[in-house]
Amino acid sequence: MRTLLIVTVALGACLLGSRFASAAEHTIAITHMELQEIKEELRVGDVVTFVNEADMAHNIYITYEDGSVDNLDTQVPGMKRTVTLKHAGPAVIKCWIHPIIRSDIEILDKAE
Amino acid sequence: MNSPWLMLCTVSAAIAALGIAVETQFIHVGGRALSAASVVSRANAAAGIAVPDELKAKFRRPEKIPAPKANPLTPEKADLGRHLFFDTRLSKTGTVSCASCHNQAFDWGDGLQRGIGVTGVELPRRSPTLLNAAWLTALMWDGRAETLERQAVLPLTAEHEMGMTLDGAVERVKAIKGYAPLFEAAYPGEGVTTKTLLGAIASFQRTLVSNRSSFDRWIDGDDGAISDAAKRGFLLFNGEARCSKCHSTWRFTDDSFHDIGLESEDVGRGQFAPPSVTIMQHAFKTPTLRDVRMSGPYMHDGAMKTLDAVIDHYEDGGKKRPSLSPEMKAIKLTPGERSDLMAFLETLRGPPFQVDVPRLP
């Protein structure tokens, strides 16, 4: 019984660890009218921080495939905004203020 | 001709074939990012009108007219579009054409505070110029269209503008036999359809490009093309007056949306944004300043009659509310600086861009 409990706790810890490790963090710079290219895989649960390195305000939002939207609110120069990716599938990152800013991304399922 | 980017010579030939008076010669863009050290200050402006080359390069004209892959620009499409643009039969009453509100004699606007269409009801917003529309990344004052093809639907079918249905417009054009060869030349084998009708109008609009002005000649290296006052105005525009925060690029707009604090109930782009996006409430697209009409009117609702009133507004900083753009900060200009700014804006006006009004089939 004690052995079973230890194995269960160890397995749980491993699962928790893998889940924790899967929530990666990414940083994307906004430079003037462009978003920094995203080279890493993006997964549900990942935390993305947008850093406004431009000399003007931006207002980034992410539209998921189901039409739901994560709005990051206004970022004046130098400000950071963070979002946790919610849905797998294609998504679009845009700026409300500057429609020319656009990045199409693919969000993968959470790694288990 | 299948390339979405037509070479200058092709476009020039095409436009010449249409009888469009063109003085435009595009210059290759060699812009570089401005370094912090290049930020212009009043002190710099006063010290002999030294203008950084990096700053000037940001306003250099492009060399090609862009067009979407789905509707490459050809002379035949532009010619068909020119006919449709001037044809009042595309409106419900047969009395209003695209050219009614986008009149070349008024720099492709209408000079009115707000437009008037088939019903005679004054529209809620001012008719913007169509010049340089090929480069727009968001169309309409509220940005609800992403391409010229999609934009063309909106005034055509709006009740108080042209009041037609798309099917009705297609049927009416089909019934005019003289259009058949024009459609065949522009879209071989496709006939008169919604797609070809809108595509042709969009193509014609892409050929409406501001003529070169004295500002362009200065940017290209002719130092005497504009006055010292205009050069000081250019530096102010990019510096203390903060105009270029939004009126940037060679078109003097970055197509951005801002609430600039006008006394207006119109929520603009806010109509298409979730309520949580505060900054889009009362936000409208930044208009181009190329060929800006010195006699107004100005703003999305045409409420300001003079450029002095516009500058007064920016000096005041606009109505304070949560949606007010962070770029809106009160400025203070001396009478001399105001005069310099006006002198600079004058340099953005080239010879009028005009086309031959077609004899309609």
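Author: Chain B has 13 helices and two strands. Keep in mind that this is a predicted model. Of the 361 residues in chain B, 46% are buried. Take the contacts in this chain between residues at least 6 apart in sequence: 71% of them join residues at least 24 apart.

Now for the backbone, going along the chain. Stop at W108(B), which sits in the loop between α5 (98-101) and α6 (148-157). Its phi is near 70 degrees, a positive value in a residue other than glycine. W108(B) has 25 C-beta neighbours inside 10 Å, so it counts as buried, the cut-off being 20 or more.

H282(B) is the next stop, in the loop between β1 (257-258) and β2. Here too there's a positive phi, about 65 degrees, although H282(B) is not a glycine. This residue is buried because 26 other C-beta atoms lie within 10 Å.

The peptide bond joining G296(B) to P297(B) is cis, with omega about 0 degrees.

Last, the side facing the partner chain. In chain B, 17 residues are in contact with 13 residues of chain A. Sorted by class, that side of chain B has eight nonpolar, five polar and four charged residues.

Definitions and conventions: Residues are numbered from 1 along each chain as its sequence is written. Chains are lettered from A and ligands numbered from 1 in the order in which they are written. This is a predicted model: local features need pLDDT of at least 70, side-chain atom pairs count only at pLDDT 80 or more; totals for chains, interfaces and linings use all residues. Two residues are in contact if their C-beta atoms, placed from the backbone, lie within 7 Å. Ala, Val, Leu, Ile, Met, Phe, Trp, Tyr, Cys and Pro count as nonpolar, Asp, Glu, Lys and Arg as charged, and the others, Gly among them, as polar. Helices (H or I, at least four residues) and strands (E, at least two) are DSSP runs, numbered from the N terminus. A residue is buried if 20 or more other C-beta atoms lie within 10 Å of its own, exposed if 12 or fewer, and partly exposed in between; C-beta atoms are placed from the backbone.
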